[in-house]
Amino acid sequence: MASVGKIARRTFLFGAVAIAGGVAFGVYQVRKTPPNPLKPGEGETALNPFVMVDDQGVVIVAPRAEMGQGTRTTLAALVAEELDVAWEDIRVIHGPPAKAYYNSAMFGEALPNKGYDISDFQHAVGETLGQVGKLFDLQVTGGSTAMKDGFERMRIAGATARELLKAAAVNQLGVDAATLRTEAGMVIAPDGTTLPYTALASATTELSPPTIVLRPATEWKYLGKSMPRVDMVEKVTGTAEFCVDVRLPGMKFASVRRNPHLGGEMRRINGDAALNMPGVERVVELPDGFAVVANNTWLAIQALDAVEVEWGPSPLPATMDEMHAMVEAAFDAEPNSAMRDDGDVTTIPDSATVIEAEYTVPNLSHATMEPMGATALVDSDGLHIWTASQGPTFVRARCAELANLDPSQVDVETPYLGGGFGRRGELDFSEIATRVALAMPGTPVQVTWSREEDMTHDFYRPLVKARYRGAVEDGQAVMLDARIAGPSAARQALVRWMGLPSSGPDKVHVEGAFNQPYGIPNQRVTGHLAELDVPIGFWRSVGNSANAFFHESFLDEMARAADRDPLDFRIELAEREHAPSAGVLKAVKEMSGWTGETPQGVGRGVAMTYSFGTPVAQVIEITDEDGYIRLRKAWMACDIGVVLDPSIIEAQMFGGMIYGLSAAINEEITFTDGAVDQLNFPDYEPLRMHNTPAFEVKILKTNRHMGGAGEPGTPPAAPALANAVFDLTGERARELPLNKRFDFV
Amino acid sequence: MSKNLKINGKDHTIDLPDEVPLLWALRDELSLTGTKFGCGVAACGACTVHIDGEAVRSCQIQIADVWGDVTTIEGLGTPAALHTIQKAWIDHQVAQCGYCQSGQIMQAAALLRENPTPSDTDIDDAMMGNLCRCGTYPRIRAAIKTAAAALNEEV
């Protein structure tokens, strides 16, 4: 991995402008870049920030973190599609923190539109606005954006590298470029002469940037097919390096404990007893806690208990009742947003039936399989940090500040992430490792959090409530008025990550409700922000995770009030607004053989959510097994537009659904005196092999714009299940998790 | 304080206090990092290894109590010489983040040794102690069935 550091120091800007008809024809003039200020590493050439050639062949630099979503594989396929590299020869590494790897798709997501209804022009505006990401060094893996961001950029990188290599071959062979072809890492001349890329790369550095034409989808060899994941062999042999697997000469092992009463101070600490324990070398004080450094992680964890410490109280409300009351109080304050306000929700025909419902979803922990942690070393070069981060540029900036270093003196390595789900966009685990390393210059230290520390010091999915009012008349939905109250995860996160306080309408707070493609003529969604300072953050699918439960549960209630089949009711409403959304509903209807009737002891529920550009519909079937509910089968359909890798998309869809179902059934984080009550998996129980339903997934591609894959599987899971529970039991679940009222297998 | 262990066919002398769990001897002392820490309370199965062929949670077994030969994921197969079960995992493209998969595979290996033709219920019973937050369970089930068929053919 030594080469990564070298690229970091000679990163150049990289861009391309569409010419000759623009994007539609796939013709680009590549912009050259400020000249490379540094000498390339021995035996390597970086053709652009995404393609490097060394004496072994091609190395593709992935700008996004691999946390299980398969991004490395498909980003590599995008490059390889144009570069003509044999799949088995591909090597992929994670890029260093660098401006060149900014995420262009995230700012586009922030536009105040509904997404499904935007024109091609607005879509292009979103992409242009994405350039803002560059200004903020927004190298972030999140928001289900990696493929939207990389779809053109990575192919351009591959095509540019290919044309440069061909140009080098032209110079060497003196033949016309048009006669050359490329295959399996070689340029091939008409007479059969082959020049491997490894022999040509060093001759490309002086060449002018080429004009390139991207290959049409009809010629794709890799894209659109299920490729063997580049990380699979490592991950089934225990050789994949996660953050906790970094091993360095002389490395010490540490664990951390912070005030369990969140936001409280550390008043007093005495580490003497801990220092007398076997293997223990240091107790390092942190602003709100301490780390014990030992020669073994377990010995460090044991010694945490031996440190005498007095914790100050948490400023948070002492009880859940108070927290619920604070969220409820937000309904009475002025709304922060009214991002949908169609027709008139205040005038209801006399003959309409009006229904109302209030819903609540709890705080949730991410509970990635790999607990938080990081490895850091402070030496004369500066700070080296190995951290499983979804935002390495933010890590570099923050840890440089902590260490009083220039960001150029901070190396950030991103190993595989043992799950992310939004948790690893945070900076806390990198900061702690940096602080411990600063206390022990010259010694690499790996800080591993215990599961208990991980679960009790998360940035949780917020506690959110919604009040819905709707009207139906003659079997039709005529009005829907939704009010959503909770604290703002986006505002907290922007301050934490970038120091940016924000105001204005919070789109994330109402996503999954205001932007749902249902043509109800009178429709309003307002967001109310609660002043509750529980540390909250982005949990897979973010606002959609809560709002889809509200919105899709209420649509079910409306369908029942209208005496309509809930699936047909949705199809009819979606057809008015967004054909792909209606399409996924029709698909699950067909896949599941939906009749609207279920035998005694069987329940079925449906839900559909449009999120991250992708509509996903789910039908879940449950059965009554001696008073316990068993999840028997789930049918899912998504419409993602451009399907780059069906196997990976399928895995994200059912994986996202299982994540959502786990939360819907069993997961809840509560606080007492500001401390989290749940400590480990026995208190926070995800689905397991025996209670996960069988699956069928269908991937459609009628969507005009490419949708995301990593998150959209999650939002419809909870409402589809709750609607199935209603079908089975006649009881409407308006609060999660469902195990509060129902028993599951 | 020191203890001799046979791990993946090799003898090792571990110089750690007796009560240190096997998991942390493997990871921090021997740098056999394929075996993972997930919960520390035997609730997730990420630390599953074999002792004399039996699947155990290495976070719960003190090094002083290790009663037989230890096999970890590194001893099951390697990228150059994959075990049949690992091949089945690749065929079905099981892993997502991959963090739990060493434990899943070791658990599945023990199951298939005891029961060469497991039913769905047998798979449920054997695998329910192994958590996966990415939700790879359907593919794990499929891979176990493929591996069972392949192993039975090898016999």
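Colleague: Why is A:N404 called exposed?
Modeller: A residue counts as exposed over 50% relative accessible area, as buried under 20%, and as partly exposed in between (1.4 Å probe, protein chains only); A:N404 has 71% relative accessibility and therefore counts as exposed. This is a predicted model, in which local features need pLDDT of at least 70, side-chain atom pairs count only at pLDDT 80 or more, and totals for chains, interfaces and linings use all residues. Residues are numbered from 1 along each chain as its sequence is written, chains are lettered from A and ligands numbered from 1 in the order in which they are written, and side-chain values use heavy atoms, with hydrogens and water left out.

Colleague: Where is A:N404 found, and what is its phi?
Modeller: A:N404 is found in the loop between α12 (392-403) and β20 (410-413) of chain A, where helices (H or I, at least four residues) and strands (E, at least two) are DSSP runs numbered from the N terminus. The phi of A:N404 is near 55 degrees, which is a positive value in a residue other than glycine.

Colleague: And A:F421, is that residue buried or exposed?
Modeller: A:F421 has a relative accessible area of 10%, so this residue is buried. A:F421 has a positive phi of about 55 degrees although it is not a glycine, and it lies in the loop between β20 and α13 (428-439) of chain A.

Colleague: Why does A:R732 count as buried, and what does its side chain make with that of A:N723?
Modeller: The relative accessibility of A:R732 is 10%, and A:R732 therefore counts as buried. Its side chain makes a polar contact with the side chain of A:N723 at 2.8 Å, the term standing for a pair of N or O atoms within 3.5 Å (within protein, one must be able to donate a hydrogen and the other to accept it, and residues adjacent in sequence count only if both atoms are side-chain atoms).

Colleague: Which residues touch the most other members of the largest nonpolar core?
Modeller: Among its 225 residues, they are A:Y468, A:F550, A:L721 and B:W89; such a core is a set of buried Ala, Val, Leu, Ile, Met, Phe, Trp, Tyr and Cys residues joined through side-chain atoms within 4.5 Å. Helix α20 (residues 646-666) of chain A gives the largest share of this core, ten residues. Leaving aside neighbours within four places in sequence, A:F550 is in contact (heavy atoms within 4.5 Å) with residues including A:Y359, A:V464, A:Y468 and A:I484.

Colleague: What makes β3 and β6 of chain A edge strands?
Modeller: Two strands pair if DSSP finds at least two bridges between them, and β3 (45-48) and β6 (91-94) of chain A each have a single partner strand, so one side of each is left without a neighbour in the sheet. That open sheet has four strands in the order β3-β4-β5-β6 (chain A), with mixed pairing.

Colleague: How do you know that β3(A) and β4 of chain A pair?
Modeller: Three bridges join β3(A) and strand β4 (residues 51-54) of chain A in the antiparallel sense, which meets the requirement of at least two. Within this pair of strands, A:T45 stands opposite A:V53 in β4(A).
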